[in-house]
Amino acid sequence: MVMENHYTFEKDVQTLCESFNLSVEELAGKLGIPPSSFFFFLKEGPSDDVLESFYGLAFHKGMRFNKVKEELFRESLEPGEVLLFHGSKDGLTEIDPNGSRSTCDFSNGFYCGESYSSALCFVESNEKSSVYAFKARLDGLKIGEFKSDLEWMLSVCYYRGMFKGYESNDKLMAIIQKHLDDDVIIAPIADNRMFRVMQQFGQGEITDVQAIHALSASRLGKQYVFKSKKAVSRLKEIERLYICEEEKKVSIANSDERAYEIQTKLDLSKREYREGGHYIDEVFA
């Protein structure tokens, strides 16, 4: 699937000017750009510096383009469609179900989240990152779905290489093989701030019950992993969303706060569930 890679820069400029009763010339002045140059960017497409200046100004003025667009995208869905978001570090040229690392949560696939903020948190520290909005129909596809339970955690830990010595365990292989032919996997999102919790379980430091309770503090929602070409063909690009530096800083602060909550819940879960659950060697016994 080839990407259009378009920002709706001209439309967003018109929206900001109307909201603050500014002419395009006045907006150009606030951005420190000669009006003639700004009109050129509106016609031919903006440079990276112009994108940052404009969307940074809009964010500073309280315009939350991306979050509000998420709401509008969701409201415009047809029955049977789902709204999804993908965070990209450098931009997408095409979508390939084999393009990701094999050590991602469910190995190779094209990964999307069900919310803008969940996609943003994966690329909030990258200089040229952006978020893509898609809509998709999943009817007729083979769907594998996980909840926040032991099977989900075991699958993610397996693909992330945390089960040294247990890779061929019969119980583990039964879970993995059950989903090998799925077109799409729907599961809770596990980002790097949850990695340490899973790592402690994989190293036998905490039980499965303690880990799952801690991971439930993530609040990132679900991820949709498109595993086949048939599945990828169901994705339709809506828009590429620009992320200004100020918005990235806010997202990083929110992610840091979420990491504190995950750690606090783990500390409480260790005390509350010290008598329950099983350690990794007991799970695979």
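Just after helix α9, glycine 204 adopts a positive phi of about 80°; helices (H or I, at least four residues) and strands (E, at least two) are taken here as DSSP runs, numbered from the N terminus. The model is a predicted one, in which local features need pLDDT of at least 70 and side-chain atom pairs count only at pLDDT 80 or more, while totals for chains, interfaces and linings use all residues. Residues are numbered from 1 along each chain as its sequence is written, and side-chain values use heavy atoms, with hydrogens and water left out.

To begin with the overall picture, the secondary structure comes to 13 helices and 7 strands. Along the principal axes, the C-alpha atoms fill a box of roughly 70 × 40 × 30 Å. Of the 285 residues, 48% count as buried, where buried means under 20% relative accessible area, exposed over 50%, and partly exposed in between, with a 1.4 Å probe and protein chains only. Among contacts with a separation of 6 or more, 83% come from residues 24 or more positions apart; contact here means heavy atoms within 4.5 Å.

Next, the interior. A nonpolar core is a set of buried Ala, Val, Leu, Ile, Met, Phe, Trp, Tyr and Cys residues joined through side-chain atoms within 4.5 Å. The largest such core has 34 residues, and those with the most contacts inside it are Phe106, Trp152, Met153, Met198 and Phe201. At least two residues of this core are supplied by each of α7 (150-159), α8 (170-178), β5 (184-188), α9 (195-202), α10 (208-215), α12 (245-272) and α13 (280-283). Helix α7 gives the most to this core, with 6 residues. A second, separate core of 23 residues includes Ile33, Leu42, Val50 and Phe65.

Leaving aside neighbours within four places in sequence, phenylalanine 106 touches Tyr111, Phe146, Trp152, Ser155, Val156, Tyr159, Ile185, Ala187, Gln223, Val225 and Lys227. Phe201 belongs to α9, whose buried residues are Val197, Met198, Gln200, Phe201 and Gly202. These buried residues of α9 pack against α7, α10, α12 and α13.

Two helix pairs show how the elements meet. Helix α1 (residues 9-19) and helix α4 (residues 48-60) pack at an angle of about 35°, with their axes 11 Å apart; axes are lines fitted to C-alpha atoms, for helices over the stretch in contact, and angles run from 0 to 180 degrees between N-to-C directions. On the α1 side the contact is made by Phe9, Asp12, Val13 and Leu16, and on the α4 side by Val50, Leu51, Phe54, Tyr55 and Ala58. By class, this contact has 8 nonpolar, no polar and 1 charged residues, with Ala, Val, Leu, Ile, Met, Phe, Trp, Tyr, Cys and Pro counted as nonpolar, Asp, Glu, Lys and Arg as charged, and the others, Gly among them, as polar.

In the second pair, the axes of α10 and α12 come within 8 Å and cross at roughly 150°. That makes α10 roughly antiparallel to α12, on a scale where angles under 35 degrees count as roughly parallel, over 145 as roughly antiparallel, 65 to 115 as roughly perpendicular and the rest as oblique. Gln210, His213 and Ala214 of α10 meet Ile262, Lys265, Leu266, Ser269 and Lys270 of α12. The contact of α10 with α12 has 3 nonpolar, 3 polar and 2 charged residues.

Further along α12's own sequence range sits isoleucine 252, also in helix α12. At 26% relative accessibility, isoleucine 252 counts as partly exposed. Neighbours within four places aside, isoleucine 252 is in contact with Glu124 and Ser125. Isoleucine 252 and serine 125 are 127 residues apart in sequence, yet 7.5 Å apart in space, C-alpha to C-alpha.

Glutamate 25, in helix α2 (residues 24-31), is partly exposed at 41% relative accessibility. Outside the four places on either side in sequence, glutamate 25 contacts Pro35 and Phe39.

Most residues other than glycine have a negative phi. Asparagine 21, in the loop between α1 and α2, has a positive phi near 55° and is exposed, with a relative accessible area of 70%. Serine 107, in the loop between β1 (81-88) and β2 (110-113), has a positive phi of about 65° but is buried, with a relative accessible area of 15%.
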